[in-house]
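Dear colleague,

Please find the structure below, with its sequence. My notes on what was found in it follow.

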Amino acid sequence: MLRLANFILTLGLVVPLFGCSGKTEHGGGSATGDAAPVQKLAAGPANVEPAGAEPVRHLLMVVELEPATHVARTLTSRSVNLPLPRRRGPAQQAPWRVDVVGQSGAVLYSAPLQDAATVRGEFPDANGQLSGVTAQKKVAAVTLRLPWLDGASEVRVVKVAEAGDLELGRVAYPKVGP
Amino acid sequence: MKAIKHWVAVLTLLALSASAPAARAAQVESLRESGPADKRFNIAVLGDGYRSGDQAKLKTDAQGIIDYVFGVTPLKQYAQFFNVKLVHVVSNDNGADNGTYGATRDTALGANFNCDGIDRLLCVDDGKVATAAAQDVPEYNFAIVIVNDPKYGGSGGSVCASSSNEQSFEVLAHEIGHSLARLADEYSYEGNQPPCNQQQDCNEANATVRNSRDQIKWKDWIDAATPVPTPATQQYGSVTGLFEGARYTPTGIYRPQLNCKMRDLGADYCSVCTEQFVRSIWTADNIQMVESTLPAQPNVHSDTCDPILLSVTSPPISPSTYQYVWTVDGKLQMQTTGSLSLLPGALMQGQHKVDVAIEDKTAMVRTDANGVLKEQFSWTVSVSKSDCLIQGGGGAGGAGAGGASGSGGTLAGGGVSGAAGNGGAAGASGGGVSGGPSGGVGGVVSAGGAAAGAGTRPSPPPHDSSGCGCSVPGTSSQLGAAGLGALLLGGVLQRRRRPATSRRIARRR
């Protein structure tokens, strides 16, 4: 009985931590979501191979950066019940990059990132013709979608440059996994 | 001891939980729901400067801006690639700092005009925006903030912000051209983007430093009669050419058209920007050309005589510009939709390779160097039964009274039958043929879309490759006369091999 009570209490704590409340996941769907346009097979063959076990969770982090001072802080992190977003086509080129670094310093995962510090303003004249301005934000925020990785210790955001990458900031990789 | 360990773990989790930000969840509603979140590009729209009593206005403003953006080509045609959710963030004050209602406003996402000293530049606190989106629309790929202030203004970047002024909607459509399609600005005023590399050319699809026709990245769009460079005159006001002045520079960098949304608000995206937009949609987060297949796995085993239905599902384009090409053991099939039905009896015992090549044949794209508008999927179909009768071909024809050339059926041998039966189009050739023999008795050809008889025919012996159960090679699916000829050929082939038992059945009927 005590074990059962412990189990229920544990569930009650863990589930909100992973953001699995109905509210935040509402309509978000999942890899096994019920909104998928699945066609029914009227009569047919059995698949001889079981469906592959695709990872259906990833880590979502929002990290705030001060590029000038290299200060970074995690604003929020959570697990999302969806696979990491995939992209078709050739590898994307981007001015920034995120690295997940292991305890040994090895890079376990990398992904391109758009420059989050530049903000653009574009305004038309009386004829509708545009002119533009750009400004650099002192504090930028990046949304990171990362795999849950064993042995990951830090998340690093860098500015990609031919002369060598410039680190913009780093934060701890969340300890709590899915 | 175990219990202590357990409680230590629980308390650790509790401590971690307490350290997580305690942002308040907001009400979320769907403005556009096109498919599952892991197969669509997900946009989160958040309101700032909307008090609790302004939430109905937020809904109206957000719907207006989304309808506007998805009314623009090519987003209009590819609208079903996107989900849009509205997050009802509640602010204490309306407006934005330095806006219509005063210099200091207490808003949830920190919207402020006069950002970086520029009056109309409307910035938000990106961290607050991303945190709210992450909490309430955790699948989001892109965030738009609408600010409840009638003052004209906005900004683009990792977050697009727009005031509720309707003129700002057009700026937002322009900003989305940057954010989603990585398009360059085509105007030639201020701006401090790094110059284009003279050796490698500009990165963006709609700007080039090249001025010789064969080196222009959009040369497929330039008519031979159009001069290059192209004079900026009204004579060439609607053609694609090479117009000088783009990317903040009046000379030395060229753009594809005289007017374009990346240069002038109110204009459409030019052909080249539209093309790039379509390619970008196909490489956006989560977008897959083969979203699902049936069966899901590439290896299919059939140990019954039931038809084997193979199908692929792709995100809808409106109107559809998909082309499906099916092959069975390398032989082209007539079926042009996303599904194909195979008859094990006609396929024969053994392994068969079925491929479907999918392509978005939109006229908006002429150059697809990376092949992002194409995809292929293959199944290996193993048939273990050798004594299946071929059944039920007639269903394939269906509909299309008076149709010219129904593409539903397939040719010869009835091994493959159109699953859905596209039916015939209007009877251009009079009478026409709809549907295929598809295993009907002796290759019965049904005229005018009437259902063909459901005959039976035993499988050909395993080594009789001529019997096949594959289609007659050829692409006559949509050609009236050729299709008819091929269908008749199928009938001839079938009749030639019809065994005695089958003849008896046919005679009785």
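In chain A, four strands make an open sheet whose order is E5-E4-E9-E10, with antiparallel pairing. The edges are taken by strand E5 (107-113) and strand E10 (166-172) of chain A; each has a single partner strand, so one side of each is left without a neighbour in the sheet. From one strand to the next, the twist averages 20°. Strands here (E, at least two residues) and helices (H or I, at least four) are DSSP runs, numbered from the N terminus, and two strands count as paired if DSSP finds at least two bridges between them.

This is a predicted model: local features need pLDDT of at least 70, side-chain atom pairs count only at pLDDT 80 or more, and totals for chains, interfaces and linings use all residues. Residues are numbered from 1 along each chain as its sequence is written, chains are lettered from A and ligands numbered from 1 in the order in which they are written, and side-chain values use heavy atoms, with hydrogens and water left out.

Chain A

Within the sheet described above, strand E9 (residues 152-159) of chain A pairs with E10(A) in the antiparallel sense over six bridges. Opposite Lys159(A) stands Leu166(A) in E10(A). Chain A has one helix and ten strands, and from the N terminus on its elements run α-β-β-β-β-β-β-β-β-β-β. Of the 178 residues in chain A, 40% are buried; buried means under 20% relative accessible area, exposed over 50%, and partly exposed in between (1.4 Å probe, protein chains only). Among contacts in chain A between residues at least 6 apart in sequence, 58% join residues at least 24 apart, where contact means heavy atoms within 4.5 Å. The accessible surface of chain A comes to about 9,500 Å², and 57% of that belongs to carbon and sulfur atoms. Accessible areas come from the Shrake-Rupley method with a 1.4 Å probe; for residues, only the protein chains shown count as cover.

Chain B: sheets

Chain B contains an open sheet of six strands in the order E1-E3-E2-E4-E6-E5, and the pairing is mixed. Its edge strands are strand E1 (27-32) and strand E5 (154-155) of chain B, each of which pairs on one side only. Strand E2 (residues 41-48) of chain B and strand E4 (residues 142-147) of chain B run parallel and are joined by six bridges. Here Gly47(B) has Ile146(B) in E4(B) opposite. Helix H3 (residues 126-136) of chain B lies across E1, E2, strand E3 (82-88), E4 and strand E6 (159-163) of chain B, and runs at about 120° to E2(B). Axes are lines fitted to C-alpha atoms, for helices over the stretch in contact, and angles run from 0 to 180 degrees between N-to-C directions.

Further along chain B, strand E11 (residues 308-313) and E14(B) pair in the antiparallel sense over four bridges, with Leu340(B) in E14(B) as the bridge partner of Leu310(B). Strand E14 (residues 339-342) of chain B is covered on both faces: Ser339(B) and Ser341(B) on one side are buried, as are Leu340(B) and Leu342(B) on the other.

Chain B: helices and individual residues

Helix H2 (residues 55-69) and helix H4 (residues 167-179) of chain B pack at an angle of about 55°, with their axes 10 Å apart. H2(B) and H4(B) are therefore oblique to each other; angles under 35 degrees count as roughly parallel, over 145 as roughly antiparallel, 65 to 115 as roughly perpendicular and the rest as oblique. The residues of H2(B) that meet H4(B) include Tyr68(B) and Val69(B), and those on the H4(B) side include Phe169(B) and Ile176(B).

Ser168(B) is also found in helix H4 of chain B. With 1% relative accessibility, Ser168(B) counts as buried. Leaving aside neighbours within four places in sequence, Ser168(B) is in contact with Tyr152(B), Gly153(B), Ser162(B) and Ser163(B).

Gly245(B) is found in strand E7 (residues 243-246) of chain B and, at 2% relative accessibility, counts as buried. Gly245(B) and Tyr187(B) are 58 residues apart in sequence, yet 6.8 Å apart in space, C-alpha to C-alpha.

Val290(B) lies in the loop between helix H5 (271-282) and strand E9 (292-294) of chain B. Val290(B) is buried, with a relative accessible area of 18%. Beyond neighbours within four places in sequence, the contacts of Val290(B) are Val312(B), Thr313(B), Ile358(B), Glu375(B) and Phe377(B).

Yours sincerely
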